[in-house]
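Subject: Structure handover

Hello,

Here is the structure you asked about. Please open it alongside this message, and then read the notes below.

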Amino acid sequence: MKKIMVGNHAVSWGVMLSRAEVISAYPITPQTTIVEELSVLCADGRLKAKFIPVESEHSAMACCVGAAAAGVRTFTATSGQGLALMHEMLHWASGARLPIVMATVNRALGSPWNIWGEQTDSLSQRDTGWLQLYCESNQEVLDTVIQAFKIAEEISLPVMLNLDAFFLSHTAEPVEIPEQSLVDDFLPPYQPEFRLDPKNPHSFGCMTPPEYYMEFRYKIQQSMLQGKAVAQQVDDAFGRVFGRKYGLIEPYRCEGADLILITSGAIASTARVVVDNLREKGRKVGMVKVRLFRPFPKDELLEILRQVEKVAVVDRNVSFGVGGIFAHEMRAALCNEKVRPAIFSYIAGLGGRDVTPPVLNDVIYQTYKRQEPEAQSVWVGMRS
Amino acid sequence: MYERRELMYAGHQACAGCGATMSMRYALKALGEKTILVIPACCWSVLAGPFPYSALQVPVIHTAFETGASTASGIKAGLEMRGDTETTVAAWVGDGGTFDIGIQALSGAAERNDDIMYFCYDNEAYMNTGIQRSSATPFGTWTTTTPANHPKGQPKKNMMEIMAAHRIPYAATCTVAFPEDMMRKISKAKAIRGTRFIHIYSPCPTGWKAPSSLSVKIARLAVHTKIFPLYEVEGGERYNINVDPKNLPVDEYLRLQGRFAHLTDDEVHTTQETVDREWERLVKKALD
């Protein structure tokens, strides 16, 4: 069955199909309609879950931590400021090895106020021990919710899926709704190895001295690294059942390319059009969409990029003092390779500014024109 | 009358004379083994024992400072989804985690009337970090952030009134000098559904600069000087005073504790006036 739905409702329906059992959330634009729809689905019984309308995002994540520790499938969603407020509890969730799934509708952070799209919110959380996936379409959003629960429960780490404010969250697209019975087979009920249980009492998260703490961190790192293979397996399995798969990264028309554009989220859709146009004109331009950001898919990227001369990374985010965050990660991932492309870094579309085909053409033009990357990220699409 | 079995082991990390530790022991006797404890940052984060030990025989989840109530709400929802409607989910939180950093989450849970028990063991300052003032610290108190030449200038926040204003089904005060009263109230609260708040006055010899042998005596004096009256509030409206105080002067209580040693006669007088005024208010509510 196909339905026309906005990205936010694709999240809600993905959560319903995944049979989440406790949902706790707080309203924030542009995430709000995710939890509005979920509260309706819970109220009319289509989703048998407890919906806890908390008084802050911090409490939303704390509720999820409690519920997941009690042994149930747990979900929340937020944006921008809300995610920033949650920060402390994101560390808590991963440290406690709880497979919570969260949708982040990427929104720029204040000050000044801005409710529009930018990834700096989620990328500021890159060191919290959450896997991060970035989605390009509403279909991918719904499918990724289901995949996220599967990945999270497999490796006992939380997963964050990200979608662009308004470009996805509030834009309607046709979305194929998977059969519930197929989803149930793909994602069986959550059976935690450990949970809070008076019949089998344990202490969770107690004071852990230097003699032990480090090993717990090491295990998280190992699980996070394992998460890459698991995410790939889950995507492959999803493809076999539902006929759609997305990869950890998605190369688009990269054959024989001398320049590859790298981006993520909804900008990837625009980039496809730009690449198609330039290919028609004989330019050897390709595009790679990065879907999995944490753990960073270094090997997969290297395989595509190794022989390419130039790579242009378009970041809708900024780490002040460094520049584009995807570009920074790319450079870090490739720095020990003997044969590697030059990484050109561009910042575009902050605070919801449109990243139009002319902006991406400009990125490609500048990358061709320059011999070497600039020392700093180049800001494109600026007011003149 | 109460469970003989101990659900707290003798091997914990508390200071001698710790009121919070006596409180936990009594509370667990009343709560029984079908209990899950939520402990945010507070003395009990340490007292419960470091990995791989636990001083408690019920499941415990340690959580962030301001999340005692919200973590408990999540656990309760999770248990209900698993079909467990019997287990008591109890947040066990210090005064800093209740009066200050955790008050928002607590207010949220109380407003939703989530089915949790919330214990505040109140030792009237941030004791785990080394005796800094909280909004539960009384007027005139020395702490490491309110030195004796500039002691706390504000009165203690009235947390019971804040909780009563949420019209939760049950709120009560209790203390270690009256263990039967404490266990009766906890047992009563356990049988009620919705948010239940238990405010435990919990002497801290270390932070109060008092001999550890006097903890229980100080708690008894707190009640008999009317500094900490023992009462219940049902539905946020029906007040019931459980122990008639002997009306002792506050000085008898204050002079046992080094944290009040610097108080002038005027300041003691101010404390007495405040205590008398608050007591009259409480009596009025109980007579209503």
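**Helix α1 of chain B**

Just after α1(B), G32(B) takes a positive phi of about 80 degrees. Before going on, some ground rules. This is a predicted model, in which local features need pLDDT of at least 70, side-chain atom pairs count only at pLDDT 80 or more, and totals for chains, interfaces and linings use all residues. Residues are numbered from 1 along each chain as its sequence is written, chains are lettered from A and ligands numbered from 1 in the order in which they are written, and side-chain values use heavy atoms, with hydrogens and water left out.

Helices (H or I, at least four residues) and strands (E, at least two) are DSSP runs, numbered from the N terminus. Helix α1 of chain B covers residues 19–31, which is 13 residues. From first C-alpha to last it reaches 18 Å, close to the 18 Å expected at 1.5 Å a residue. That expected span is 1.5 Å times one less than the number of residues.

α1(B) is mostly covered, with 11 of its 13 residues buried. Buried means under 20% relative accessible area, exposed over 50%, and partly exposed in between (1.4 Å probe, protein chains only). Among the buried residues are M24(B), Y26(B), L28(B) and K29(B). The buried residues of α1(B) pack against β1 (35–39), α2 (43–47), β3 (88–94), β4 (117–122), α7 (179–190) and β6 (196–201) of chain B. Contact here means heavy atoms within 4.5 Å.

**Nonpolar cores**

A nonpolar core is a set of buried Ala, Val, Leu, Ile, Met, Phe, Trp, Tyr and Cys residues joined through side-chain atoms within 4.5 Å. The largest has 61 residues. Within it, W44(B), L56(B), W92(B), F119(B) and I198(B) touch the most other members. α1(B) gives the most to this core, with 7 residues. Another core, of 59 residues, lies apart from it; M61(A), A69(B), A105(B) and I168(B) are among its residues.

Back to I198(B). Leaving aside neighbours within four places in sequence, its contacts include M117(B), F119(B), Y170(B), I186(B) and A189(B).

**Where the chains meet**

The contact takes 40 residues from chain A and 40 residues from chain B. The area buried between the two chains is about 2900 Å², of which carbon and sulfur atoms give 67%. Buried area is the accessible area (1.4 Å probe) that two parts lose on being put together, summed over both.

Across this interface the rule finds 2 salt bridges. A salt bridge is a side-chain nitrogen of Lys or Arg within 4 Å of a carboxyl oxygen of Asp or Glu. E55(A) forms a salt bridge with R112(B), the closest N and O atoms being 3.7 Å apart. α3(A) gives the most to the side of chain A that touches chain B, with 8 residues.

A polar contact is a pair of N or O atoms within 3.5 Å; within protein, one must be able to donate a hydrogen and the other to accept it, and residues adjacent in sequence count only if both atoms are side-chain atoms.

- **W130(A)** lies in the loop between α5 (120–123) and β6 (131–134) of chain A. W130(A) is buried, at a relative accessible area of 0%. The backbone oxygen of L90(A) lies 2.9 Å from a polar atom of the W130(A) side chain.
- **T263(A)** sits in strand β11 (residues 259–263) of chain A. At 3% relative accessibility, T263(A) counts as buried. A polar atom of its side chain lies 3.3 Å from the backbone oxygen of V314(A).
- **H199(B)** is in strand β6 of chain B. H199(B) counts as buried, at 4% relative accessibility. Its side chain makes a polar contact with the side chain of D122(B) (2.9 Å).
- **F65(B)** is in the loop between β2 (60–62) and α3 (68–81) of chain B. F65(B) is partly exposed, with a relative accessible area of 25%. F65(B) and G97(B) are 32 residues apart in sequence and 5.9 Å apart in space, C-alpha to C-alpha. F65(B) also touches E88(A).

Best wishes
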